[in-house]
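Work through the exercises below with the model open. Try each task before reading its solution.

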Amino acid sequence: MLQAIGLTSAPRRDLPPAVDDLTFEARPGQVTALLGAAGSGKTTALRLMLDLAPGRGVTYFRGRPLYRIAHPAREVGALLGDVPGHPARTARGQLRMLCAAVGVPAARANDMLDLVGLAALADERLSMLSLGMDRRLGLASALLGDPHTLLLDEPAKGLSPRENCWLYGLLRGHAAQGGTVLYTTDDAKEAARTADRVVTIEGGRLVADQDAAEFARTRLRPRVAVRTPHAARLGALVTREARAARRSVEVVTEGGARLSVYGSDCAQIGEIAFRHGIPVHRLADESGDTGPGPVSQEQRPAAEAPVRAPAESLPSLPRRPSRSPLRPLRYELHRLLGTRTTLLIATAVLAASVTISVLLARTGSTPLPALLAAWPDILPLPPAAFGAGLLGAIAFGEEFRYPALAAARGTVPRRVGLLLAKLGVSAAAALLLGFLVAVADAQALRLVYGEDLTRVPDKWLSMAVSWSGLTVGCAWAGLLGAGVFRATAAGVAAVLAVPVLVAPLTQQVVVGPSARSVAGLPGRLREVAWLQWPYEIDPWLVAAMRVAAQPVGAALTLSLCALLCAYLFTGLRRRTYW
């Protein structure tokens, strides 16, 4: 059971809160409609339930608040608006990425695509899907973790009647298996026709909490639906007799053969038609414009059958939660490799590096390390370091622009797990990119100028460490910058700020004259440290200190420390998940 208690949104300037002390229940085995006009607070209420909006109150999902559920995606499936995801990603790729985040087998993506009727469009990009197909994919995303509760924000908005029939059939099937379904709508007729219970709100406050039959009887205008080939004649007769009897009756013509009569009943209309010899093809009491009630699968004509039977069983999952620390890592790998952006950046970096390296070698004055890194003096960073920073910036920037985790809210916490996964994957991508650039530049120089420029440098180890530190540092600077400011451009700016702004300032401290030396620091550290490390580590420690003492190394260290502190302060201090 879903229990929303005292939901109140944060106050707005000179305006009342969008949701004010809202309390209601959504029971298992039923479809509950949250009804309200535009601006009544329906979407805000759902966001408060999911801890996505600031405010007060608590929502219990089978007796537990969301932040105490170890795997929220296996308890709650949510769809707020359109499917969030990169438009270049395929439908299958999007679901496989979310499978990795939820911690379910990747084969679950194919099962969900088949369930919602998108198996034939599995390789289509998200940008190519129609509104109906997009909504189907959103339901597949919400159902990935086999959740007990579904929260849907206006799922039928803009859909055709056939798509509506399929959608509510699927929701009815989920409720028939004991699940809880809560969806928002602004159409009272739709709520009375498709829901078991209707919760009406206005101005963010509860107006009524009724079952569908009572809602239709008390809050919708009853009418008599008539279908006859002599609709105009019957309507005139009903109006004339109502005036003669001084009764308030309204007759509305809804097409050539259909009438809606308000203020009367089937018996009176039938008697009038019988006395005047008018054949009647349909005569039924209805509430407002809700139309006929649900039709069973056996009674439905073949031409009107839905895409899939409403009560069809959903593929079930084992209820053993996956607690593997590799879950965020799998998600991050799917995110990185799910679009062509990574390949395009790597290709552009390799092409630019090879071109710059060959041109630098023509002058004969550029040292070999700068040739292999393709780093002329006029550039603040070599192409490989800038490309690594761009990959790091995309890691968070694209997620904030195309929030992949919103469809299955809380699957991967925006805490240490996701942060470490992103740091590890971005570092591995930066090291691989730096290695490929060095190899490609060396082979290009060997091909163009011969064997003279391909000798192994004497200090190749320290050069490799410095090169690795530069690329990884740029990747992490872009990652943390985008994570703090929630934009790819901010991550790129954080990368460029290191050589343009921070490095010149630190150069005055690092390269300036000094009267004292730090020689012998490893030995003095060994004396005061409780852990005694082998003496063989001292040269590596000195080499790392030398790399950090370089202007760019010191600038990267300072920038990373500042960005990490900002990220920890802005992102990890909250209890909620991203």
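A crossing counts as right-handed if the near helix is turned clockwise from the far one by less than a right angle, and as left-handed if anticlockwise. The model is predicted.

**Exercise 1. Describe how helix H11 packs on H14.**

Solution. 
- Step 1: take the geometry. The axes of H11 (residues 341-363) and H14 come within 9 Å and cross at roughly 40°.
- Step 2: classify the angle. Angles under 35 degrees count as roughly parallel, and 65 to 115 as roughly perpendicular. H11 is therefore oblique to H14.
- Step 3: assign the hand. H11 and H14 form a right-handed crossing.
- Step 4: list the contact. H11 contributes Ala-346, Val-349, Leu-350, Ser-353, Val-354, Ser-357, Val-358, Ala-361 and Arg-362. From H14 come residues including Leu-433, Leu-436, Val-437, Ala-440 and Asp-441.
- Step 5: The contact of H11 with H14 has 14 nonpolar, two polar and two charged residues.

**Exercise 2. Which residues touch the most other members of the largest nonpolar core?**

Solution. 
- Step 1: this core has 47 residues.
- Step 2: Leu-95, Met-112, Leu-113, Leu-137, Leu-167, Leu-171 and Tyr-183 touch the most other members.
- Step 3: find the main contributor. Helix H5 (residues 161-176) supplies the largest share of this core, six residues.
- Step 4: look for another core. A second, separate one has 35 residues, among them Leu-391, Ile-394, Val-425 and Val-484. Val-425 also takes part in the contact of H10 with H14.

**Exercise 3. How many helices and strands are in the chain, and what percentage of its residues is buried?**

Solution. 
- Step 1: count the elements. The chain has 19 helices and 14 strands.
- Step 2: apply the cut-off. Buried means under 20% relative accessible area. Of the 578 residues, 45% are buried.
- Step 3: Among contacts between residues at least 6 apart in sequence, 74% join residues at least 24 apart.

Technical notes: Residues numbered from 1 in each chain as written. Predicted model: local features only at pLDDT ≥ 70, side-chain atom pairs only at ≥ 80, totals over all residues. Heavy atoms only, no water. Core = buried A, V, L, I, M, F, W, Y, C linked by side-chain atoms within 4.5 Å. Buried < 20%, exposed > 50% of the residue type's maximum accessible area, 1.4 Å probe, protein only. Helix = DSSP H or I, 4+ residues; strand = E, 2+ residues; numbered from the N terminus. Contact = heavy atoms within 4.5 Å. Axes fitted to C-alpha atoms, helices over the stretch in contact; angles between N-to-C directions. Parallel < 35°, antiparallel > 145°, perpendicular 65-115°, else oblique. Nonpolar A, V, L, I, M, F, W, Y, C, P; charged D, E, K, R; others polar.
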